[in-house]
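Please look over the sequence and the model shown here before reading the briefing that follows. The points are grouped by topic.

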Amino acid sequence: MGVEQEKTVIYDHRISTVVPATVTGNAVLHELTNMDLIMKLHYLRAVYYFNQSEITDGVTIADLKNPMFLWLNICYPMAGRIRRAESGRPLIKCNDCGLRIIEARCRRTLGEWLDVESSSSRWRLLVPDKVLGPDLQFSPMVYMQFTRFKCGGMAIGYSWAHVLGDPMSATNCINLWGELFSGNPPPKTLQLNNHQKKAENAATHVKVSPKPIPVKQVELIGDGWLAPNTRKMATNSFRITETKLKKIQPEQLKQVPTFVIISALIWKCLAKIRKSGECKMATICGYLTLPKCSKILNNTLKTSIVRLDSSAANFGLLELATLICKQEAEASKSVEELADIENGKSDFVLYGANLTFVDMEGINLYGLELKGQKPVQVDYSIDGVGDEGAVLVLQGPQRTNETSSNQERIVMVILPEDEIRQLCELLTSEFGIAQDLKINHKNSVTNM
Amino acid sequence: MPRAPLPEFSSSLRLKYVKLGYQHLVDNFVTFLSIPVMVAVGLELVRRGPQEIVGLWRALELDVIHILCSVFVIVFVATVYFMSRPRPVYLVEYACFKPPSNCRVPFSTFMEHTRLINSDEKSVQFQMRILERSGLGEETCLPPANHYIPPHPTMEASRAEAQLVIFSAIDDLIRKTGLKPKDIDILVVNCSLFSPTPSLSAMIINKYKLRSNIRSFNLSGMGCSAGLISIDLARDLLQVHPGSNALVISTEIITPNFYAGNQRAMLLPNCLFRMGAAAILLSNRRRDAGRAKYRLVHVVRTHKGADDRAYRCVYEEEDAEGHTGISLSKDLMAIAGEALKSNITTIGPLVLPMSEQLLFFLTLVARKLINPKRKPYIPDFKKAFEHFCIHAGGRAVIDELQKNLELSAEHVEASRMTLHRFGNTSSSSLWYELNYIESKGRMRRGDRVWQIGFGSGFKCNSAVWKCMRTVKTPIDGPWSECIHRYPVHIPEVVKL
């Protein structure tokens, strides 16, 4: 069944808004850093699935909304709207406009939903696919959707504009909501780093560095903040269990991080599929964990470029992985300087400008707890990815008796539609992964 | 050049003293008259001496029967006089509903919702302009159903709102006064636009388990001035039933009344009306006189409904597309002014000091007989009252009244700040304003308060209260968390 036929599965949509509990103040502005502005064409989409339990049974929409008022007091830029300064540079006006909440119901049970094989983009129905614009002044930056399944299970989906913060920030923020919902008091050491003003007015024209950069400048069509794709993109996710990991990770690669191995694997496969394409360059992306987790909303990406002399298909897995580890050419600074040109008016795409591998292992996706109940599954994706595609390596559901290094990984690929099928076939045949596209949720149920 | 202003100044100073002297003379006319009489009598007594007075007394030849009859007559007259006086009605305490922060509606959110709900660009722009100039702040509250796009009014949601606002106010009142629900003798509820079956008064009786012989009344459809109509009704009932108390609830339920159309005349209530409720405890028991806050002195009701223009001024109807809304006519301010004049004409003689009334009378005579073009004299109500509570119907209403009654900014501060913090809460706004004055520590024993309400019909109702004990701050109420921030300067036009 295609996504269109599935649209009627989710019904009874109700839209409302949640605002901060107290007045933020008159003309409070949240300045956007250069990195924020570079990421502005990307959007994070996440869906957390919760099994039916006593906790989800007793939850009403008012219970879900009530902690948000205090939450938005703390993270008030989330409730703001984009404005442009006189120079044309975008910033966030913290005018308490709020975030959009959507309530919906699903005709299927949670088990049936997670079981559906072909709904690789099944998460799309559980998260609003909105972007900023065309009316920037009235576009919420964060949407949340609460979907109730027939069995009583719940899906919490959120859409987050990357301009506000990176996935680390977004997850920490949403986990904070979970804490407040569970009745825990907010941590005292939270601050917002909105005092990071942009770099001194670049009076001199910034030299575009000759080094390769992970971003691509794009031309926007219309006023919406979304870069157009020449090819139709789709997503798919598959699970790499610990046993499979051990298989593909021979002895020599023990010290190489799992993320690098998975990236190398997929890069090789994609190089084989993209025979006509270049496939010699990839961006490796990661997020910095700030000490004490004190600053909530920021974009602190660590980007580096890996350049190969020939197509990745010609390299062995071990070779490629080692190369990736070595070539961590720091690209972040030059990326930031780019945004200073024309004072934030240029538009860039980072994910997908080159084939991008995003290390999201350190992001605590399963930390969103509703009174102690963890999600049984998390779907995570990024919208606004360029034509070269992106691969996200995420944490898998945690089992209580295992350490984090051994746990499984979920890989979400965002690629042109035709490449995905070929990729899955290749992964299955060569490495024995991705053959069980059906995410087996039954195991996870018993473990919860 | 420098000499010219001086004579003006000194002449105005002279005029001021003349005015002052005139006022003292006329206001205390009776005292001034009786002083020479008493002095003369006193002198005569002293001159005659005590012996002569005793002799005069003997000459009257009063025997026991005469004395007894005279005493009887005096006692009889005194009893009739005291019995025919109206029972004093005391306001023991009142409580206002404090909207929770999860109902808050900032300007930006309201505008965004309007743009998403209304397809017509012009009406969106119109509402934006109203909101900018409305005098509302960023903390006013709408019920949860109105936070949906589009608003989601159901019977259940309306009842939920009614329960939230009314029960909160009553719980607050019970906590402050120690009132036992079984002790309530009279219950009057007014809510203009939401009238379910069973009534809101039945809802209250059910929740608080009130007595089965309670006298309950539910007033609906009477507009924003219904709060004072309820007070009037409670007062009349307290005249008939001795030793009773009355619980009066004034509220307006917003949930069912969102206007979904595009007619400009009907869009104003969407922008201005907000959640609010007040619970007031009145009593005629003597023992409550000691702890009561206010005593009700006068209630004056004026109804201009006989005039067609006034009748159709605030009119609920369906627009061309079938959406129901309340249409406000363009003459609203003019009609309100006329209704106010009628009301003042009745209340003036009851409250104004003699000096003002005489001036008014003389100017009236002068206008009728000598010179019709002479400006009418506006009596100075600031001499009759210390505090004014003007219904916070909108910025225009407050401006108009301030101009008509020649009030200073401080006098209308309570109204403006209530409009800013709570919006137009309809019949309960007068109580929020009174609470503001108390929270600021301005209410002293002996102060007189004038509450003026306007409403559909067109009606103008006034109530006059006299403060019986100084109200000490800080007080527990809807203003307790934000009073230190007030008064705020409200700009003419707020930039959104």
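**Chain B and its second largest pocket**

Of the 496 residues in chain B, 48% are buried, where buried means under 20% relative accessible area, exposed over 50% and partly exposed in between, with a 1.4 Å probe and protein chains only. This is a predicted model in which local features need pLDDT of at least 70 and side-chain atom pairs count only at pLDDT 80 or more, while totals for chains, interfaces and linings use all residues. Residues are numbered from 1 along each chain as its sequence is written, chains are lettered from A and ligands numbered from 1 in the order in which they are written, and side-chain values use heavy atoms, with hydrogens and water left out.

**Overall build of chain B**

- Chain B holds 15 helices and 12 strands, taken as DSSP runs numbered from the N terminus (helices: H or I, at least four residues; strands: E, at least two).
- The C-alpha trace of chain B spans about 95 × 80 × 45 Å along its principal axes.
- Among the contacts in chain B with a separation of 6 or more, 80% join residues 24 or more positions apart, a contact being heavy atoms within 4.5 Å.

**Annotated spans of chain B**

- The unreviewed UniProt entry gives "transmembrane region" for residues 20-43 and 64-83 of chain B; UniProt positions are given in the numbering used here, feature names are shortened, and annotations may be inferred rather than shown by experiment.
- Residues 20-43 of chain B are 96% helix and 0% strand, with end C-alpha atoms 31 Å apart, whereas residues 64-83 of chain B are 100% helix and 0% strand, with end C-alpha atoms 28 Å apart.

**The second largest pocket**

- The second largest pocket has a volume of about 1200 Å³, a volume being the space filled by probe spheres set on grid points that are joined across faces, edges and corners.
- Of the 44 residues lining this pocket, B:L268, B:L272, B:L328, B:L332 and B:G393 are the closest to its centre; on a 1 Å grid over the protein atoms alone, a pocket is an open set of points where a 1.4 Å probe fits, with protein on both sides within 12 Å along at least five of seven lines, and lining residues have an atom within 4 Å of a point.
- The largest share of the lining, five residues, comes from α9(B).
- The lining divides into 21 nonpolar, 14 polar and nine charged residues, with Ala, Val, Leu, Ile, Met, Phe, Trp, Tyr, Cys and Pro counted as nonpolar, Asp, Glu, Lys and Arg as charged, and the others, Gly among them, as polar.

**Annotated active-site residues**

- The unreviewed UniProt entry lists B:C224, B:H303, B:H387, B:H391, B:H420 and B:N424 under "active site"; these residues are spread over 201 residues of sequence and, in space, up to 28.6 Å between C-alpha atoms.
- From this set, B:C224, B:H391 and B:N424 belong to the lining of the second largest pocket.
- B:N424 lies in the loop between α14 and α15 (429-439) of chain B and counts as buried because its relative accessible area is 3%.
- Leaving aside neighbours within four places in sequence, the contacts of B:N424 include B:L272, B:H391 and B:G393.
- B:H420 sits in helix α14 (residues 413-422) of chain B and is buried, with a relative accessible area of 17%.
- Not counting residues up to four places away in sequence, B:H420 touches residues including B:G135, B:T140 and B:Y486.
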